[in-house]
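Trainee: I would like to learn how to read a few features from a set of coordinates. Where do we begin?

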Amino acid sequence: MNTKRKREDMEIVWQTPANPPERHDYIFRNGIRYVKPYYFEFISHVKNRWAGKTIVDLFSDEFKGRPRDYYESAVKSGRIQVDGQKVSVSYVVQSSQKISHFLHRHEPPVMSWDVEILCEEPDVLTVCKPASVPVHPCGQYRKNTVVGILQAEYGLAPLFPVHRLDRLVSGLLILARSASRADLFRQQIESGAVQKRYIARVIGVFPDKQQVVNANVNYNAREGRSTVE
């Protein structure tokens, strides 16, 4: 649902996870898909292992993407609330309480390639995922995702990704139309009944025959890339 607030003379509409992405949320320019900035209420509920922590300690320990000073400021200004109320930085949270974090979101842009629907059936959807677009909402992405774009442009929801492809990878993506169907697909993948094949573009001359490489893969989180020894 939308929550409306007044800031000076401007009416702010806060979106929540209940607000689906819509066509008018996107701007296309020079081959890039942008999302119009929007106000968003992140909602979570206090887990048992969080109970007994101060509101600032909770965010500092569990959501490490921002410094502690930010969370202290957000609590003092009311951008972080508990059960819809402003609290002090020393407030101790209890299990199941609702925590809201109000942000002005600027999603990163992605390439404007279409999410092509290859096969649509009553219980499963198969699409061609373009590179640069995440599969589902995560991190900084919510509307600029395969799931968000399919909902905005085709009204397809809910969708349950059966498997994942990295954001920078393009390829075949299977989405179930129900949670039960998704579970069935996952069981087939885990049992080896379904396999994925990756095709990579390489630099240089690649061997004609099949090569098996048994080497360690090192992931550098800071640079966001993997290398093979």
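Mentor: With polar contacts. A polar contact is a pair of N or O atoms within 3.5 Å; within protein, one atom must be able to donate a hydrogen and the other to accept it. Keep in mind that this is a predicted model.

Trainee: Which backbone oxygen does the side chain of Gln81 reach?

Mentor: That of Gly78, at 3.1 Å. Gln81 belongs to strand β6, which covers residues 80-82.

Trainee: Is Gln81 buried or exposed?

Mentor: Buried means under 20% relative accessible area. Gln81 counts as buried because its relative accessible area is 9%.

Trainee: What would the other end of that scale look like?

Mentor: Exposed means over 50%. Val228, in strand β14 (residues 225-228), has a relative accessible area of 53%, so Val228 is exposed. Val228 also forms a nonpolar surface patch with Val213 and Val217, and together they have about 310 Å² of accessible area.

Trainee: And which residue shows the class in between?

Mentor: Take Met111, found in strand β8 (residues 110-111). Met111 has a relative accessible area of 29% and is therefore partly exposed.

Trainee: Leaving aside neighbours within four places in sequence, which residues is Met111 in contact with?

Mentor: Contact means heavy atoms within 4.5 Å. By that reading, Met111 touches Gly31, Ile32 and Arg33, and also Ala131, Ser132 and Val133. A C-alpha separation is another way to look at the fold: Met111 and Phe28 are 83 residues apart along the chain, with 9.2 Å between their C-alpha atoms.

Trainee: How should I read a helix?

Mentor: An α-helix has 3.6 residues a turn, so residues three or four places apart point the same way. Then check how much of the helix is covered. In α3 (residues 146-154), 7 of the 9 residues are buried, and the helix is mostly covered. The buried residues are Val146, Val147, Gly148, Ile149, Leu150, Ala152 and Glu153.

Trainee: Which strands do the buried residues of α3 pack against?

Mentor: They pack against β3 (26-29), β4 (32-35), β9 (116-120), β10 (124-129), β11 (160-161) and β12 (171-176). Just after α3 comes Gly155, with a positive phi of about 70 degrees.

Trainee: Last, what domains does the assignment give?

Mentor: The domain assignment lists domain 1 as 38-105 and domain 2 as 112-191. Taken over C-alpha atoms, the centres of domain 1 and domain 2 are separated by 31 Å.

Terms used
Residues are numbered from 1 along each chain as its sequence is written. This is a predicted model: local features need pLDDT of at least 70, side-chain atom pairs count only at pLDDT 80 or more; totals for chains, interfaces and linings use all residues. Side-chain values use heavy atoms; hydrogens and water are left out. Domain bounds come from an automatic or database domain assignment. Helices (H or I, at least four residues) and strands (E, at least two) are DSSP runs, numbered from the N terminus. Buried means under 20% relative accessible area, exposed over 50%, partly exposed in between (1.4 Å probe, protein chains only). Patches are made of residues with over 30% relative accessible area and no salt bridge: like charges are joined within 9 Å, nonpolar side chains (Val, Leu, Ile, Met, Phe, Trp, Tyr) within 5 Å. Accessible areas come from the Shrake-Rupley method with a 1.4 Å probe; for residues, only the protein chains shown count as cover. A salt bridge is a side-chain nitrogen of Lys or Arg within 4 Å of a carboxyl oxygen of Asp or Glu.
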